[in-house]
Amino acid sequence: MLRIDLNEDIVYFKAGEFTADVGWMHKKMYHEDDFEIIYCLENTLSLLVNEKPILLKKNDCLIIPPQTTIQGAQLSAQPVHFYWIHFFAKWCPLNDEAELLIKTLRSSFIQHSVSPDYHSICFLPKIFSPKEPNFLIILINQLLNVTNTYYYSSKISDLLVQSILIELCNQYFIVSTVQSTDEHASKIHQIADWIRANMNEELTIQSVAETFELSQDYLSRQFKKELGQNLRDYLINLKISVAKVLLVQTVLPIKLVSELSYYADEKYFIRIFRKKTGLTPNKYRNAYSGTHLNNPYIDPKLPIPQRVEQYLDNNQ
C-alpha cells in the first residue's frame, strides 16, 4: 500500500497511450524517482516488477513507485493496449500498522464521512481493478489532450495527474468497501451492478423495486444512503458516462452516440447531456481534439456496456 501526499507538489513527467501487436515485450526500465501508472485496456500484459511476476488483465491498474525495476515477463500472445503516466510525488509505503488506519477510513467512506484530515492523502494499493472506470478514462484523456495542446502553464498537467490519483483512491475505496458492507448495503451494490448490466431496458424505480421485491420508498432511501445519489440520477449518470467515452474515443455521429447511450430521442439526449456537463455533445468532443485516436472507432474495447462493444465490433 502506498501513501501519496497531495499537499506536496504532484509533478507531471510524461504520459501516453500505447498499442502493440503480438510478440511485444516491455523493455527493462528502472524508476529512480518517478511513479508510473499503467492502466490496461485490452487483453493481458505480462510484467516483472522487481523480479516478481504480475499479469495485468483488462481494467487492471498498476501503480509503480520509485526505486522499482519493471520489464516484460514474456512476449505478448495477443495485442496489448494500455495508458501510461509518469509523475513525481512525495510518498511513503504503509506498514502493517497502517492497516488499522485504512480500516477506519473504509468505515468512514461507507458512511460518507471521511475526515478532512485525510482529504490531502491518497492511499493506493499497487494493483487493483476500478469498479467504475469510465470517469478515470475521461480524466486520462483530458491529460493526454492537454499534453498535446499548448498551454501557457504546465501546472494544468500536474493538477490533472492529482485528479487521476484522487479518482484512483476513490475507486479503491469503492472496491474495498463493497465486501465489508452489511447485508442491506451489499444488496444495494448488487442492485447497482444489475442496473449497469440492464441499462438497455426502460428502467424505473418501480420496475427495479419490483424486480428485487422491495418497496420503492425503501429502495430510494437505501440507494441514496449507500451511493450518495438517487436511483434516477445514478442511471442518468451511467448513460452520460457511456456517452462521454464514445464522444472522446470515437468519431461516431451524435445520433448514434445517443442510441448507444440508451437514448432513443437525440434531442432529449443533447438536452440531458448539456444539463449534466454544461456542454453540448459536439462541444464536449471538440474539447478533446488533441487526444490521439488509434482508429475511427473504439480501439481497443473500453469498459463500456457489452451491447455497445458488440455494435462497434460488428461495424468496424
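Which elements of the chain have the lowest and the highest mean pLDDT? Helix α11, residues 306–315, has the lowest mean at 59, while strand β7, residues 61–64, has the highest at 97. Over the whole chain, the mean pLDDT is 84, and 84% of the residues reach 70 or more. Now look at residues 292–303: there the pLDDT is below 50, although this stretch still has 42 contacts in the model beyond near neighbours in sequence. Where pLDDT is low, the predicted coordinates should not be read in detail.

Next, find the sheet. Three strands make up an open sheet, ordered β10-β1-β11, with antiparallel pairing. The edges are taken by β10 (91–93) and β11 (121–124); each has a single partner strand, so one side of each is left without a neighbour in the sheet. On average, neighbouring strands here are turned by 20 degrees against each other, direction ignored. Zoom in on β1, residues 2–5: four bridges join this strand to β11, and the two run antiparallel. For example, leucine 2 has leucine 124 in β11 as its bridge partner.

Now let's pick out a single residue. Isoleucine 138 sits in helix α2, which covers residues 134–147. Is isoleucine 138 buried or exposed? Its relative accessibility is 4%, so isoleucine 138 counts as buried, since the cut-off for buried is under 20%. What does isoleucine 138 touch, leaving aside residues up to four places away in sequence? The answer is Lys244, Val245, Val248, Tyr284 and Tyr288.

How values were computed
Residues numbered from 1 in each chain as written. Predicted model: local features only at pLDDT ≥ 70, side-chain atom pairs only at ≥ 80, totals over all residues. Heavy atoms only, no water. Pairing = 2+ DSSP bridges. Axes fitted to C-alpha atoms, helices over the stretch in contact; angles between N-to-C directions. pLDDT = per-residue confidence, 0-100. Contact = heavy atoms within 4.5 Å. Buried < 20%, exposed > 50% of the residue type's maximum accessible area, 1.4 Å probe, protein only.
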